[in-house]
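Subject: Structure handover

Dear colleague,

Please keep the structure open while you read.

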Amino acid sequence: MSPGTVAIAVVPDPRLGISPWEMYELSIALAVFGTPHGDLSDPWYDLRLCTTGGSQAGPFALRTDHGLDALAGAGTVIVPSVPDRVVDEGEDVPADLVEALRAAAASGARMVSLCTGAFALAAAGLLDGRRATAHWQHTAELAARYPAVIVDDSVLYTDEGTVLTSAGATAALDLCLHLVRRDLGARIAGQLARRLVVHAHRAGGQAQFIEAPLPPADTDSLGPVLQWATEHLAEPLTVEGLARRARMSPRSFHRRLLEATGTTPLKWLLQQRVARAQLLLESTDLPVERIGEASGLGTAANLRRHFSRSVGVSPTDYRKAYRPPERPPPPGVRPSGPPSTGR
């Protein structure tokens with residue numbers, strides 16, 4: 001299954017070029033979609049870097065074979081950022097970028113923004129009536145300038161189906177991996193995350209800004225308890241039991257996990273169990289009933305309810321979409337199967 005073409009739109013400031021922060025978000029998209037990972041999926045994404053013509057100022061300059069008109073026709077269009085002056089000085093998003101984004105959306109592209117790229121999607125009218133986010137430092141400005149956008153400054157990223165937005169910095173990587181997960185499945189997204197040395201999956205609803213990260217002292221860390229929980233998902237885990245293992249009261253455990261991950265213990269457990277179900281659907285032939293048991297989601301009906309609500313498709317449809325197709329046997333080799341009856 002080909003994941004298709006990803007077109008990245010970059011519009012440097014004609015006076016200042018591309019800032020280091022803009023390079024950061026651009027580099028994230030390039031690392032995920034522009035670096036071939038043929039051992040994970042062959043073919044990988046076809047990258048198309050698109051920018052405006054003419055000379056560029058600043059320490060960073062781009063040389064590409066594509067103008068902004070090449071955004072149309074891509075399966076996915078990503079806007080990593082807009083020039084700093086758009087956000088800091090209130091200038092308009094460049095008109096040629098707005099026009100190109102509208103044309104790409106009209107052609108059926110999946111539209112994605114990272115960090116301040118949301119200002120470009122909003123200027124094109126693609127976020128009207130939709131939930132969207134950006135770096136928490138800029139969400140108030142985004143909401144003030146585009147009141148038709150439902151701005152959520154508390155999440156890592158939003159997924160509205162054909163339009164997705166992320167907060168800044170590492171949240172951009174979370175959204176890019178989420179796209180890989182949607183396109184190629186949880187197994188490949190997890191392998192890529194491991195290659196990039198990041199968490200395999202942080203849900204979009206996780207808090208964008210966490211006041212207190214996991215404490216460094218092993219004796220006071222939730223890390224060992226959460227690791228143990230992911231290894232025992234098939235067991236009947238409870239908040240009280242996990243709190244005892246962490247040597248905390250349930251109330252303290254709830255508070256500490258919320259501070260560290262931005263989600264509650266029960267929601268965190270559900271996320272881990274759905275993720276385990278995804279991996280089992282992709283990598284095994286276990287029936288749905290067994291996967292429900294192995295992931296801790298219980299009955300097949302319970303698995304279907306939680307899985308469909310979290311992933312958006314049924315377990316059966318997910319397995320059909322993300323299981324790699326069986327390769328035909330080499331010439332001269334008969335496929336395995338039941339013995340012939342001679343009839």
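A polar contact, a term needed further down, is a pair of N or O atoms within 3.5 Å, where within protein one atom must be able to donate a hydrogen and the other to accept it, and where residues adjacent in sequence count only if both atoms are side-chain atoms. Please bear in mind that this is a predicted model, in which local features need pLDDT of at least 70 and side-chain atom pairs count only at pLDDT 80 or more, while totals for chains, interfaces and linings use all residues. Residues are numbered from 1 along each chain as its sequence is written, and side-chain values use heavy atoms, with hydrogens and water left out.

Confidence comes before the details. The pLDDT, which is the predictor's confidence in each residue on a scale from 0 to 100, averages 85 over the protein chain, and 84% of the residues score at least 70. Residues 327-331 stay under 50, and the model has 1 contact (heavy atoms within 4.5 Å) beyond four places in sequence for them. Over residues 333-343 the pLDDT is also below 50, with 1 contact beyond near neighbours in sequence.

Next comes the sheet. Helices (H or I, at least four residues) and strands (E, at least two) are DSSP runs numbered from the N terminus, and two strands pair if DSSP finds at least two bridges between them. Here 6 strands form an open sheet of mixed pairing, in the order E2-E1-E3-E4-E8-E7. E2 and E7 (157-159) stand at the edges with a single partner strand each, so one side of each has no neighbour in the sheet. From one strand to the next the twist averages 15 degrees, with angles running from 0 to 180 degrees between N-to-C directions and axes being lines fitted to C-alpha atoms, for helices over the stretch in contact. E7 pairs with E8 (residues 163-166) in the antiparallel sense over 3 bridges, and Thr158 has Thr165 in E8 as its bridge partner. Helix H1 packs on the sheet, where it touches E1 (5-10), E2, E3 (76-79) and E4, and its direction makes about 165 degrees with that of E1. Helix H6 (residues 170-184) packs on the sheet as well, touching E4, E7 and E8, and its direction makes about 155 degrees with that of E4.

The loop between H1 (20-34) and E2 (46-51) holds Trp44, and Pro43 is found in the loop between H1 and E2 too. Trp44 counts as buried at 8% relative accessibility, where buried means under 20% relative accessible area, exposed over 50% and partly exposed in between (1.4 Å probe, protein chains only). Which backbone oxygen lies 3.0 Å from a polar atom of the side chain of Trp44? That oxygen belongs to Val32. Beyond four places in sequence, Trp44 is in contact with residues including Pro3, Phe33, Val180 and Leu192.

Most residues other than glycine have a negative phi, and most peptide bonds are trans. Asp42 and Pro43, however, are joined by a cis peptide bond with omega of about 10 degrees. Cys115, in the loop between E4 (110-114) and H4 (117-123), has a positive phi of about 55 degrees and is buried at 9%. Arg247, in the loop between H9 (239-245) and H10 (250-261), has a phi near 60 degrees and is exposed at 80%.

Best wishes
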